[in-house]
Amino acid sequence: MATETPNLKLKKPAATDFYNIEDFNGNFDKIDGAFAKLSTTTVEHTIPHTAWNSGRYIFFSALIKSATQDIELVKGKTMTKEQLLIAQGANIVSTAQAAGSLTLECYGDVPSVDLPVAFVIRGDA
């Protein structure tokens, strides 16, 4: 009798089972889907200091496929020490996400300079 792997639930036929092409193809579909979720895209972006609206900024991108997709905000490649200190003082946090957008809020001081940041977007959720 067939068993399953614990993580992806791939079908593992027993030695006495007949070969089933549907099980074989289904296993490959699960593996392919798992790899798609591992993909990572990094988007460099500058948040203009004038774009904050009451401490909120909305980043729009077609790469954001869902409200549950894993997205991380990190410092951009060109961020200076001064900009980093201002970003740390702003205490920027992601507060909402939907397909196509990510809302950021400042829990500290609203940045007084443009901030080069990067969004690390993982998988398709």
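## The core

A nonpolar core here is a set of buried Ala, Val, Leu, Ile, Met, Phe, Trp, Tyr and Cys residues joined through side-chain atoms within 4.5 Å, where buried means under 20% relative accessible area, with a 1.4 Å probe and protein chains only. The largest one has 18 residues, and W52, I92, L104 and F119 touch the most other members. At least two residues of this core come from each of β3, β4 (56–60), α2 (81–90), β7 and β8. The top contributor is β8, with four residues.

Which residues does W52 contact, leaving aside its neighbours within four places in sequence? They are I47, Y57, I92, L104, C106, V110 and P111, counting heavy atoms within 4.5 Å as contact.

## About the model

This is a predicted model, where local features need pLDDT of at least 70 and side-chain atom pairs count only at pLDDT 80 or more, while totals for chains, interfaces and linings use all residues. Residues are numbered from 1 along each chain as its sequence is written, and side-chain values use heavy atoms, with hydrogens and water left out.

## The first helix

Helices (H or I, at least four residues) and strands (E, at least two) are DSSP runs, numbered from the N terminus. Helix α1 covers residues 21–38, and at 1.5 Å a residue its 18 residues should span 26 Å, which agrees with its end C-alpha atoms being 26 Å apart. That expected span is 1.5 Å times one less than the number of residues.

At the N-terminal end of α1 sits a cap, N20: one of its side-chain oxygens lies 2.8 Å from the backbone nitrogen of E22.

## Strands and sheets

Two strands pair if DSSP finds at least two bridges between them. Three strands make an open sheet in the order β3-β8-β5, paired antiparallel. Because β3 (40–47) and β5 (70–75) each have a single partner strand, they stand at the edges, and one side of each is left without a neighbour in the sheet. Eight bridges join β3 to β8 (residues 115–122), and E44 has A118 in β8 as its bridge partner.

Elsewhere, β6 (residues 92–98) and β7 (residues 101–106) run antiparallel, joined by six bridges. A96 is partnered with T103 in β7. The two strands form a hairpin with two residues between them, and G100 in the turn has a positive phi of about 95 degrees.

## A buried loop residue

Buried or exposed: which is Q69? Q69, in the loop between β4 and β5, is buried, with a relative accessible area of 3%. A polar atom of the Q69 side chain lies 2.6 Å from the backbone nitrogen of K65.

How values were computed: Polar contact = N/O pair within 3.5 Å; in protein donor to acceptor, adjacent residues only side chain to side chain. Buried < 20%, exposed > 50% of the residue type's maximum accessible area, 1.4 Å probe, protein only.
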